[in-house]
Amino acid sequence: MEKEILQTVRDETMVKTRRIKEKLKKSPSQLVSGSSCSIDVRAASNIPASVKHFFKRDPRGRRLYNAQESLFLSQVVLHEIDEGIRILKRQGLEQEAKLLSSFSNRKMHLTQRIELLRNLLKNIYSGNELPENASGNHKIRNNQVGSTTITIQSSPAVAWTDQGVQYKNRNEDAFLMISNQGIMALADGMGGHVGGEIASCIAIDFFEQAILQGARLEEAFVLANEAILTRSLSDPQLGGMHPMGCTFVAIQVQNNQLKIAHIGDSKGIVIRDGACFFETQDHTQGQELLHEGFIDVATAFELNHILNRCLGIDRIQWQRDVDLAYATLLPGDRIVLATDGVTDNFYDNDFELTDLLEIVSHDTIPQSAQQLAEECKKRMQCGKLPSHRSAKPDNFSFIILEYQP
């Protein structure tokens, strides 16, 4: 009986999927709007008993998991299921979502539930799915776009993420803002690998979970990395030769003290009096070899797309793999976080960001954000940068904050 129900669901899903695709073809330029609710990592008290039981023992070594390991593995698999159910509901697949969300149905094993979910999502997604407009949320991720204006302590801030121009229809960037802790973060899924939007989504959600449980920025990086690795190892579509991963940059502002942590080529900048007071160094082969004096600038630009560090490829140690920096802020200092979809389109021939600094140093924070987004799109559409190099089509995301005590 259970097999018949599952087959019926699959058949109905195929029909609904064709209808969804036909509908999207009629209006390909529009963004999909929805409730845009975000999924949080489940608390221990909200883990179904059947999932807890599944993660009692390591199936390979038969070793018993300790309570912390069991909870983490349960959270990763439930994050996948919860996020998948949210997507199914957005596509109008209510029956399928209901079936997958009912953990009281003991006839469906957890592995069957995951297999069915992945098949459903594979049928729906062809790589051309439109982003969901999620403006106003404190975090935007997993193929969502939009902007959010917020106050961090007394400091105004705007976060913005967009799928860009002449690039993929989906958005693999993500951002997070935790106002009561003065924390902001950006993640950029690796475009040359599978599941970039999934990697950045997992990173943002598990980073937030770690912060809310009292972890420091650098410790939260490690948990985010472990969550991506765990998901990749459980899903052949996301692992393999080019497993999913993402870059990550985060800041915390407490009174006038700034802490910046980053891995990859998502950048953090502090601007004072219109000039660059501090910026992170990208973890790319191009810029790291240039910094060490092994190559010239022209070669550095050729190699700048190759990441030396990121989340999701291997286990990390924050002391070794996460760069940390600190600064004392003055009133009026502006902090910018930006993915490479922004910086790669603003670097001049010496990897300086003169034009970007000019845009974000004047006007109000919302006006600067609007101008920066428009200029990013303009440069992508033009195809050529003022430096005469080719523009880079990409998703782009940034956060701008002006420190006010």
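This is a predicted model: local features need pLDDT of at least 70, side-chain atom pairs count only at pLDDT 80 or more; totals for chains, interfaces and linings use all residues.
In total, 8 aromatic pairs were counted. In one of them, the ring centres of Trp160 and Phe398 are 6.0 Å apart and the planes meet at 20°, so this pair is classed as stacked. Because Trp160 belongs to strand S5 (residues 155-162) and Phe398 to strand S14 (residues 396-402), the contact ties together parts of the chain that are 238 residues apart in sequence. Both Trp160 and Phe398 are buried. Tyr347 and Phe351 have ring centres 5.1 Å apart, with planes at 75°, and are therefore an edge-to-face pair. Tyr347 and Phe351 are likewise buried. One aromatic cluster is formed by Phe207, Phe221 and Phe248.

Charged side chains were also found over aromatic rings. Arg113 is placed over the face of Phe103, 4.3 Å from the ring centre, and Arg389 over the face of Phe301, 4.0 Å from the ring centre.

Strand S6 (residues 173-178) is mostly covered, with 6 of its 6 residues buried. In a regular strand, side chains alternate between the two faces of the sheet. In S6, Asp173, Phe175 and Met177 point one way, while Ala174, Leu176 and Ile178 point the other way, and all are buried. S6 runs antiparallel to strand S3 (residues 139-140), to which 2 bridges join it; here Lys139 stands opposite Leu176. S6 is also antiparallel to strand S7 (residues 183-189), through 6 bridges, and Phe175 stands opposite Leu186 in S7. The hairpin of S6 and S7 has 4 residues between the strands, and Gly182 adopts a positive phi near 65° there.

Key
Residues are numbered from 1 along each chain as its sequence is written. Side-chain values use heavy atoms; hydrogens and water are left out. Rings of Phe, Tyr and Trp (its six-membered ring) pair if their centres lie within 6.5 Å; planes under 30 degrees apart count as stacked, over 60 as edge-to-face and the rest as tilted. Buried means under 20% relative accessible area, exposed over 50%, partly exposed in between (1.4 Å probe, protein chains only). A charge sits over a ring if NZ of Lys or CZ of Arg is within 6 Å of the ring centre and within 35 degrees of the ring normal. Two strands pair if DSSP finds at least two bridges between them.
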